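Please read them with the coordinates open.

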Amino acid sequence: GVRKRGTTPRKAGAVLVTFIVSGIMHEMLVNHLCGTWRSMTGEPFLYFALQGPLCLLEDMVLGQLCSGAEHRGHLLRSRWVRLPLTWAVMLPMAKVLYWPPFQRNGVMEMVWDSPK
């Protein structure tokens, strides 16, 4: 059969729920590792939950851009273009939302200073 392009509401909902559940699980794990159950900040949750809308946005933008000339669509679907763009968004987000709880609670130092 012919595959429809674009994101259906069902697919969008599944993507959002998947990343929200991932955010909840990572929030619990990070707070367990940091020993901060009573002072959860929601940073790890936001880091993962925001990825759902970003994936949907990427799908929408690429769908619009790739609907034109075939050579342009091929270039934009290339991992050589998409990977650096993904890292350009994810690394700053991780610096602001994912790593701070580990840094504030000395987890990074414990990992680096642990005996081998």
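1. Helices here are DSSP runs of H or I with at least four residues, strands are runs of E with at least two, and both are numbered from the N terminus. By that rule Met28 is found in helix α1. The protein chain has seven helices and zero strands, in the order α-α-α-α-α-α-α.

2. This is a predicted model, in which local features need pLDDT of at least 70 and side-chain atom pairs count only at pLDDT 80 or more, while totals for chains, interfaces and linings use all residues. Residues are numbered from 1 along each chain as its sequence is written, and side-chain values use heavy atoms, with hydrogens and water left out.

3. Helix α1 covers residues 9-34, 26 residues in total, and reaches 37 Å from its first C-alpha to its last. That is close to the 38 Å expected at 1.5 Å a residue, the expected span being 1.5 Å times one less than the number of residues. Gly35, with a positive phi near 65 degrees, follows α1.

4. Which residues of α1 are buried? They are Ala12, Val15, Phe19, Ser22, Gly23, Glu27, Val30, Asn31 and Cys34 (buried: under 20% relative accessible area; exposed: over 50%; partly exposed: in between; 1.4 Å probe, protein chains only). These residues pack against α2 (43-49), α3 (51-65), α5 (79-98), α6 (100-104) and α7 (107-113). In the whole chain, buried residues make up 28% of the 116 residues.

5. Met28 is partly exposed, at 38% relative accessible area. Met28 belongs to a nonpolar surface patch of about 800 Å², whose other members include Leu16, Ile20, Ile24 and Trp37. Patches are made of residues with over 30% relative accessible area and no salt bridge; like charges are joined within 9 Å, and nonpolar side chains (Val, Leu, Ile, Met, Phe, Trp, Tyr) within 5 Å.

6. The structure holds two salt bridges (a side-chain nitrogen of Lys or Arg within 4 Å of a carboxyl oxygen of Asp or Glu). Glu43 pairs with Arg104, the closest N and O atoms being 2.5 Å apart. This pair links α2 to α6 across 61 residues, and Glu43 is buried at 15% relative accessibility. Glu58 pairs with Arg82 at 3.0 Å between the closest N and O atoms, linking α3 to α5 across 24 residues.

7. Zero disulfides are present (a pair of cysteine sulfur atoms within 2.5 Å). Cys34 is buried at 11% relative accessibility, whereas Cys55 is partly exposed at 32%.

Technical notes: Contact means heavy atoms within 4.5 Å. Accessible areas come from the Shrake-Rupley method with a 1.4 Å probe; for residues, only the protein chains shown count as cover.
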